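Welcome, and take a moment to turn the model around before reading on.

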Amino acid sequence: MDNTTLPKTQHLVVFQEVVRSGSFGSAAKQLSLTQPAVSKIISDMEALFGLELIIRKNTGVQLTVAGKVLLGYAESITREMRNMCNEMNSLVGSEAVDVSFGYPSLIGFTFLPGMMKAFKECYPQAEVSMFEAQLCSFLPAIRDGRLDFAIGTLSDEMLLQDLHIEPLFESEFILVASRTRTRGGVTTLRSLSHEQWVLPQTEMGYYSELLTILQHNHISSDKIIKTDSVVTIYNMVLTAGFLTIIPREMIAPFGSQEFIQIPLTDELPVARYAAVWSKNCRIKKSAASLVELAKIHSLRHKCQFNKLTVVA
C-alpha cells in the first residue's frame, strides 16, 4: 500500500456497518446502498491494504486479524469526524449537535430532568440519546465511541486508566423494604440471611462491592435476584416482600410513601459517583457542557437534599 493513498471515510463507515449488522445485505439496507456496491467497497479496501478483512460465512461475517485492527482505527476515525462536525457546527452558530450518555437510576430520579432542561436551553436543536444502566454496562460503548460519556459509581477494582474521571458526588445507601413489613428495631445483615433480595445487575462498581459484603454476612447468591430494571426492583420490594439496598434519595420514588428504611448496625459503603469518558479522543463541546451541568446540578441537589434531611 502506498502511504500517500488513504481510504475514504465513507468506506470506513460501510466497513463498520457490515461488522455491526453482520452481513453485506443488512449493511446495504441500513446505508441505502445496493449489496453489490457494499461488496465492491469492501473489495476495494482489501485491494488497497493488500489484506483480507472480512470472511463471509453462512452465519454472517467474521473479521480477520487485519479486519480487527482496521475496525479499531475506523471507529476512532469516524468518532473524531463526528466530533469535528459537532465542533464546526458550534463555531458557525449551528445547534445541530448530538450527544449520547449513560447514567444510573439515581440520576434519573434526582437531578437529570433539571440538568437536561438547562442543556436544551443552551442547545435547543441538539439530538440527545440517554441510556440507564450501571457504569460497567457502558464502558465498552465509551471506549469504542458509541457513548460520549457516562455517569456511575466507582470502585477500587475497576480498571479505568484509559478513561478520564470527573468526580461528581457521594451518596449514602440504605436498606429498604415495603411499608407493609412488620416494623422492628435496628438489625444486622447477618440476621437477614433468610430473606429474599433484589439488586441491580452489575459486574463491577458499588453493587459489586456490596455483593461481597452481603456474602460475608452469609447472604448467599441464591437469595439475590439481579435485574437491570429499577421499576422491577421497586415492584419486587412492594408486592413480594423482597429487600433491596438503594441510595437514600430514592426511598420515595415520585413521592411514594410505600417504602421504609430498615436501620442497620452494619455500615454500608458510601458510593462515589463520577462522569467518565475516553482519553483517546477529545470530548466534544456539547458533551463537555453536559458534564459541567451534571456537576452543577448534582451539587445543587445534594445541598437541597441535605437541608430536607436536617429538617426531617
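**The whole chain**

Keep in mind that this is a predicted model. The chain has 312 residues, and 45% of them count as buried. Its secondary structure comes to ten helices and twelve strands.

As a general background, nonpolar side chains in soluble globular proteins tend to be buried together. Here the largest nonpolar core has 58 residues. Those with the most contacts inside this core are Met115, Phe149, Trp197, Leu214, Ile245 and Leu290. A second core of 17 residues is separate, and includes Val18, Ala27, Leu53 and Leu70.

Helix α3 covers residues 35-49 and packs against helix α1, residues 9-21. Helix α2, residues 24-31, also has an axis that crosses the axis of α3. The table sets out the two pairs.

| Helix pair | Angle between axes | Axis distance |
|---|---|---|
| α1 and α3 | about 110° | 10 Å apart |
| α2 and α3 | roughly 110° | within 8 Å |

The angle makes α1 roughly perpendicular to α3, and α1 passes α3 in a left-handed crossing. On the α1 side, the contact is made by His11, Leu12, Val14, Phe15 and Val18. On the α3 side, Val38, Ile41, Ile42 and Met45 take part. Sorted by type, the residues of this contact of α1 with α3 are eight nonpolar, one polar and no charged. Val18, which belongs to this contact, is also one of the residues of the second core.

For the other pair, α2 and α3 are likewise roughly perpendicular to each other. Here Phe24, Gly25 and Ala28 in α2 meet Gln35, Val38, Ser39 and Ile42 in α3. The residues of the contact of α2 with α3 divide into four nonpolar, three polar and no charged. Val38 and Ile42 of α3 take part in the contact with α1 and in the contact with α2.

**A threonine in a loop**

Is Thr110 buried or exposed? Thr110 sits in the loop between α5 (105-109) and α6 (112-122). With 18% relative accessibility, Thr110 counts as buried, because the cut-off for buried is under 20%. Not counting residues up to four places away in sequence, Thr110 touches Glu249 and His301. Thr110 and Glu249 are 139 residues apart in sequence, yet their C-alpha atoms are 7.6 Å apart in space.

**Two residues with positive phi**

Most residues other than glycine have a negative phi. His218 has a positive phi, near 65°. His218 lies in the loop between α8 (206-216) and β9 (224-227), and is exposed, with a relative accessible area of 52%. Phe254 also has a positive phi, of about 55°, although it is not a glycine. You can find Phe254 in the loop between β10 (244-247) and β11 (259-261). At 82% relative accessibility, Phe254 counts as exposed.

Conventions. Residues are numbered from 1 along each chain as its sequence is written. This is a predicted model: local features need pLDDT of at least 70, side-chain atom pairs count only at pLDDT 80 or more; totals for chains, interfaces and linings use all residues. Side-chain values use heavy atoms; hydrogens and water are left out. A nonpolar core is a set of buried Ala, Val, Leu, Ile, Met, Phe, Trp, Tyr and Cys residues joined through side-chain atoms within 4.5 Å. Buried means under 20% relative accessible area, exposed over 50%, partly exposed in between (1.4 Å probe, protein chains only). Axes are lines fitted to C-alpha atoms, for helices over the stretch in contact, and angles run from 0 to 180 degrees between N-to-C directions. Helices (H or I, at least four residues) and strands (E, at least two) are DSSP runs, numbered from the N terminus. Angles under 35 degrees count as roughly parallel, over 145 as roughly antiparallel, 65 to 115 as roughly perpendicular and the rest as oblique. A crossing is left-handed if the near helix is turned anticlockwise from the far one by less than a right angle, and right-handed if clockwise. Contact means heavy atoms within 4.5 Å. Ala, Val, Leu, Ile, Met, Phe, Trp, Tyr, Cys and Pro count as nonpolar, Asp, Glu, Lys and Arg as charged, and the others, Gly among them, as polar.
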